[in-house]
Structure formats: structure tokens, C-alpha cells
Amino acid sequence: MHELSIMSEIMDTLVAESEKNNVTAVRKVFLEVGDLTFLGHEQLKFAYEVLAEGTVLDGSELVLETKPALVRCESCGYEGELNFDENPEYHLRVPDFSCPRCEDSVTIVSGNECIIRKMVADVEE
Ligand SMILES: [Zn+2]
């Protein structure tokens, strides 16, 4: 499961940060999930709960925020969101890596990452 390995890395970072900052209990974690990561939100939440057990993150809430994919076209200078083709048969959104304006291939600016944006926690005085 892809989500579990990603979440395991994120969890390591969160635990390390908590130790560094004398955190006694984590309340909330805000995670920004890029549209191009294709990570399942339900799977991420499940992995989070499993991995948080017995750590300082146990009982905390995971808040997922979707970040739209942004691309840039070197040919015409287009910068903006990526087009997605809907595949109704499989309920899939397929990214279209061609420029919406000139159809040249685009460069991904953002949307393929999963970033810890904020953590709300109790800190030891
Ligand atoms: Zn273009």
C-alpha cells in the first residue's frame, strides 16, 4: 500500500519534530496532498491512525487539504491548473500533460507532493 509507506515517512518527521519541541500531545496535523500524488484520502487517514498508535500522535486528528496541480508551459508561457480527463468507466481522473493553450507538453510546478503544513500540539512548559 503506497499510502502506508508515505504516511510512515511523514509520521517519522512528525515524531522527530515533536521530540525536538517537547510536545506532550499532538492535537491536529494539517497535511497538504497534491492532486498528482493520487493518494487515497481514506487510505491516508487509515494509515495515520494505525501508525499513530502508541506515539505522541495517538488520538490526534489528521486534516487533509487537496492542493491543485499547477503546471507551466515553456512554449507559450501558460501557468495554471492542469487539465484532467474524466474516465467515467473507471471513475478515474487522468491528468493531461499537454498545455491547455498550445498543446505542447507542460512542466509540473506543484501538485506531486505531500507536505506537512501545520501541527497543533500541547507543549510542556
Ligand atoms: Zn503552451
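**View 1. Parallel pairing of strands S1 and S2 in the predicted model.** Strand S1 (residues 23-34) is joined to S2 by 7 bridges, and the two strands run parallel. The coordinates shown here and in the following views belong to a predicted model. S1 and S2 are part of an open sheet of 3 strands, ordered S2-S1-S8, in which the pairing is mixed. Strand S2 (61-67) and strand S8 (114-123) form the edges of this sheet, each pairing on one side only. From one strand to the next, the twist averages 20°.

View 2. Glu-32 is found in strand S1 and stands opposite Glu-65 in S2. With a relative accessibility of 16%, Glu-32 counts as buried, because the cut-off for a buried residue is a relative accessible area under 20%. Leaving aside residues up to four places away in sequence, Glu-32 touches Glu-65, Lys-67, Glu-113, Cys-114, Ile-115 and Arg-117.

**View 3. Helices H1 and H2 against the sheet.** Helix H1 (residues 2-20) lies across S1, S2 and S8, and runs at about 35° to S8. Helix H2 (residues 41-52) lies across S1 and S2, running at about 150° to S2.

**View 4. The largest nonpolar core and the contacts of Leu-62.** The largest nonpolar core comprises 17 residues, and those with the most contacts inside it are Met-7, Leu-14, Val-29, Tyr-48, Leu-57 and Leu-62. Two or more residues are given to this core by each of the elements H1, S1, H2 and S2. S1 supplies the largest share, 5 residues. Not counting residues up to four places away in sequence, Leu-62 touches Met-7, Val-29, Leu-31, Leu-44, Lys-45 and Tyr-48. Another core, of 9 residues, lies apart from the largest one; among its members are Val-71, Tyr-78, Leu-82 and Phe-84.

**View 5. Loop residues with positive phi.** Asn-22 lies in the loop between H1 and S1. Although Asn-22 is not a glycine, its phi is positive, at about 55°. The relative accessible area of Asn-22 is 46%, and the residue is partly exposed. Phe-38 is found in the loop between S1 and H2. Phi of Phe-38 is near 55°, again a positive value in a residue other than glycine. At 48% relative accessibility, Phe-38 counts as partly exposed.

View 6. The zinc ion is coordinated at 2.3 Å by the SG atoms of Cys-73, Cys-76, Cys-99 and Cys-102. The 4 donor atoms subtend angles of 104 to 113° around the ion, and the arrangement is therefore tetrahedral. Along the chain, the donors follow the spacing C-x2-C-x22-C-x2-C. Cys-73 lies in the loop between strand S3 (70-72) and strand S4 (79-81), while Cys-99 lies in the loop between strand S6 (92-96) and strand S7 (107-110), so the pair ties together parts that are 26 residues apart in sequence. Cys-73 is buried, with a relative accessible area of 2%. Cys-99 is also buried, with a relative accessible area of 2%.

Technical notes: Residues are numbered from 1 along each chain as its sequence is written. This is a predicted model: local features need pLDDT of at least 70, side-chain atom pairs count only at pLDDT 80 or more; totals for chains, interfaces and linings use all residues. Side-chain values use heavy atoms; hydrogens and water are left out. Donors are N, O and S atoms within 2.8 Å of the metal (3.2 Å for Na, K and Ca); water is not among the atoms, so sites may look incomplete. Four donors count as tetrahedral if all angles lie between 85 and 135 degrees; four count as square planar and six as octahedral if opposite donors are over 155 degrees apart and all others between 65 and 115; anything else is irregular. Helices (H or I, at least four residues) and strands (E, at least two) are DSSP runs, numbered from the N terminus. Buried means under 20% relative accessible area, exposed over 50%, partly exposed in between (1.4 Å probe, protein chains only). Two strands pair if DSSP finds at least two bridges between them. Axes are lines fitted to C-alpha atoms, for helices over the stretch in contact, and angles run from 0 to 180 degrees between N-to-C directions. Contact means heavy atoms within 4.5 Å. A nonpolar core is a set of buried Ala, Val, Leu, Ile, Met, Phe, Trp, Tyr and Cys residues joined through side-chain atoms within 4.5 Å.
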